[in-house]
Amino acid sequence: MKYVYYPGCSLKSSGKPYEESLLEVFKKAGVEVEELGGWNCCGATAYMSVDESDAMALAGRNLALAEKEHPEGRIEMIAPCNACYLVLMKAKKQIEERAHLGAAVQDAFSRAGMTYRGEVTIRHPLDVLVNDVGLDRIKELCTRPLKGLKVACYYGCQIVRPYATFDDQFNPMTMDNLLRAAGAETVEWTSMKARCCGGTLTGTIDSAGQRLSYIILKEARRLQADVVATACPLCQFNLECYQGSMRKRFDDDLEMPSLFFSQLLGHAMGIKRRKLGLQDMLVSPRKALKACEA
Amino acid sequence: MKSLEIERRIKYESEVNPDFGKEIASMTGGEDLYSCIQCGTCSSTCPVSIYMHYTPRRVIALTRAGFEDEVLTHNTIWLCASCYACTVDCPKEIRITDVMYALKRKAIERGAYPRRFPVPALAKEFYNSVHRSGRSNEIHTVTKTFLKTNPLKLFKNAAMGIKLLLRGRLQIREEKMEGAPAEVRELLDAVRQKRKGLEQEAAKTV
C-alpha cells in the first residue's frame, strides 16, 4: 500500500529532524510514501482566525490535489504535524457537511481543473505505524532496543481533540506502545500527555505560553524521564527551543532532551544518528541515548 | 490610592448590540451558542483562562447579551490556543473553540482587535505569508509580527534563532510552494465569492 505524504511547512523548516527521521523509519518499516506534488500550507490556526472560506478551501486544495493524482479509489494521506492533521480533517468535514461551502468548493475547484470527491483519509504516522505496520513488526525491526531509557510520551492536543480517530482522547497510548515495543520504559502521566503546550502563545504571550510548556517539562523531570517524545513540530519546538528562556524566567536549571518519537524509534532500529537529525537538536540527547546503549 | 470616583457598573440596553449574539450564532461554530447552560466547565478546563479578561463561560454570556465591544476588544478570544479541551468537555457539545474562531474573525473583520497585541498580528502575518508564497515561513512571519508589536522580542529570541539557523532548522530564503501561488489565491477568491452568492440567494428565499 502506498501513502500520499503531506509534510506541511514546519517539517521543511524547524521540524526538519522530524521529516528526516520519519522517512527513515518508514523506509525500514516498508511504509511506501510519495510526497504530494504542489502542496500548499494547511492554514493552521491562523487562517481560521482570518477567513473561514479561505481556510477550508486552502486545506481542501491539498485533498483535491491528491485525488487528481490518484483518480481511482481511496487515498490514504499521512500528515505528521498535529495542526495539519486536524485542519485537513476539519476541512474535509466542513466541505462535506456544509452545503454552501461544499457547492462553492465543487464549483470553483472544477473550473480550476480539480474535483473534490471526498476519497482521502487523513492519517497520523502514529496511527500508521501502530495499526498498519503493527507492534510485532516494529519490535522485530528494533535491533538496538532503548533499554533502560525512560520516556515521557507527549501527544499534544490536536491529534486527539476534538476528533479522537485512532487513540483515546483522555489517555492516548499509541506512542507509549510504539516506544515500549522499541524497548523503552514510558512514564505514567495521563494528566500531562495531551495537555496544551501553549501553541504559538510561547512566542506571542510568552509569560503565559512558556509556563504551559514548563509545567509539562517539570512533570517529566519529576517522574525521572530521560527524554520527552513528541509527535508534532510545534510541541517539539516549544518543549525544546524555549528551554533557555524558561531557565531564566523560572530560575530553574531545567535541561530535558525533547525529541520526535520517530528519532527514538529510528535509533532503536539501528539507523545512524546523522540520518535522524539527532545532531540538530538544541538540547543534546547524546547522554540519554548513550546510557541506553551501554 | 484607589479612586473613589463613582462609575456606573452596568450597561443600559441602548448601549449593547442586541443582534450580536444572533450574528455569531449564524457563523460556523456558533450554531449552538444558545444551548449553553453557563455551567463553567469550559472555564475550568481551559489552561489559559487564568490569564483571560473574561473566562470562556463569561464570553458566551456576554456574546449572547450583546456586549460586542467587551468581547471583541479584550484578550480572551486571542488567548485561546485551540487546544480543544473545552470543546470535548462541554456537556452541551458546544464547539467552543470554533465559537472563539468565529469571534476572532468578527474582531478582524471589524478592526476591533487590540492593535499591538501580538496574537492577531501573527495570524495576519501568517495569512499574508501563505497568500504570497503558498507556504508559511516561520522566520518571516515571526520577524514581521515582532516588528509591528514588540521589536524587543527580536533581540530576546536572537540567540535561539541563530542556533536554529546553524542547524538548518530555519530557512532565510522564503520557502515557496511548487507551482503558482497566484493560482491558489484565485481559487480561494472563487470559493469565497461563490459561497457568498449562494448564501445571499438562500437568505432571499427565506
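Visitor: Where is the place of B:Thr63?
Guide: B:Thr63 sits in helix 3 (residues 56-64) of chain B; helices (H or I, at least four residues) and strands (E, at least two) are DSSP runs, numbered from the N terminus. This is a predicted model, in which local features need pLDDT of at least 70, side-chain atom pairs count only at pLDDT 80 or more, and totals for chains, interfaces and linings use all residues. Residues are numbered from 1 along each chain as its sequence is written, chains are lettered from A and ligands numbered from 1 in the order in which they are written, and side-chain values use heavy atoms, with hydrogens and water left out.

Visitor: Is B:Thr63 buried or exposed?
Guide: B:Thr63 counts as buried because its relative accessibility is 1%. Buried means under 20% relative accessible area, exposed over 50%, and partly exposed in between (1.4 Å probe, protein chains only).

Visitor: Which residues is B:Thr63 in contact with?
Guide: Leaving aside neighbours within four places in sequence, B:Thr63 is in contact with B:Phe20, B:Gly21, B:Ile24, B:Leu33, B:Val71 and B:Leu103. Contact means heavy atoms within 4.5 Å.

Visitor: What is the confidence like in chain B?
Guide: Chain B has a mean pLDDT of 93, with 99% of its residues at 70 or more; pLDDT is the predictor's confidence in each residue, from 0 to 100. Within chain B, helix 10 (residues 152-156) is lowest at a mean of 92, and helix 2 (residues 41-45) is highest at 98. The model scores ipTM 0.95 and pTM 0.95.

Visitor: Turning to chain A, what is the order of the four strands in the open sheet?
Guide: The order is 6-5-7-8 in chain A, and the pairing is parallel. Strand 6 (185-186) and strand 8 (258-260) of chain A are the edge strands, each pairing on one side only. Two strands pair if DSSP finds at least two bridges between them.

Visitor: How many bridges do strand 5 and strand 6 of chain A pair over?
Guide: Strand 5 (residues 150-153) and strand 6 of chain A pair over two bridges. A:Glu185 in strand 6 of chain A is the bridge partner of A:Lys150.

Visitor: And which way do the side chains of strand 3 of chain A point?
Guide: From strand 3 (residues 75-78) of chain A, A:Ile75 and A:Met77 point one way and A:Glu76 and A:Ile78 the other way, and all are buried. In a regular strand the side chains alternate between the two faces of the sheet.

Visitor: Which strands does strand 3 of chain A run parallel to?
Guide: Strand 3 of chain A pairs in the parallel sense with strand 1 (residues 2-5) of chain A over two bridges, and A:Val4 stands opposite A:Met77. Four bridges join strand 3 to strand 4 (residues 120-123) of chain A, also in parallel, and there A:Ile78 stands opposite A:Arg123.

Visitor: New topic: how many cavities of 30 Å³ or more does the structure hold?
Guide: The structure holds six. On a 1 Å grid over the protein atoms alone, a cavity is a set of points where a 1.4 Å probe fits but cannot get out, and lining residues have an atom within 4 Å of a point. Grid points are joined across faces, edges and corners, and a volume is the space filled by probe spheres set on the points.

Visitor: What is the volume of the largest cavity, and which residues are closest to its centre?
Guide: The largest cavity has a volume of about 130 Å³. Of its 15 lining residues, B:Cys46, B:Pro47, B:Cys80, B:Cys83 and B:Cys86 are the closest to its centre.

Notes:
On a 1 Å grid over the protein atoms alone, a cavity is a set of points where a 1.4 Å probe fits but cannot get out, and a pocket is an open set with protein on both sides within 12 Å along at least five of seven lines; lining residues have an atom within 4 Å of a point.
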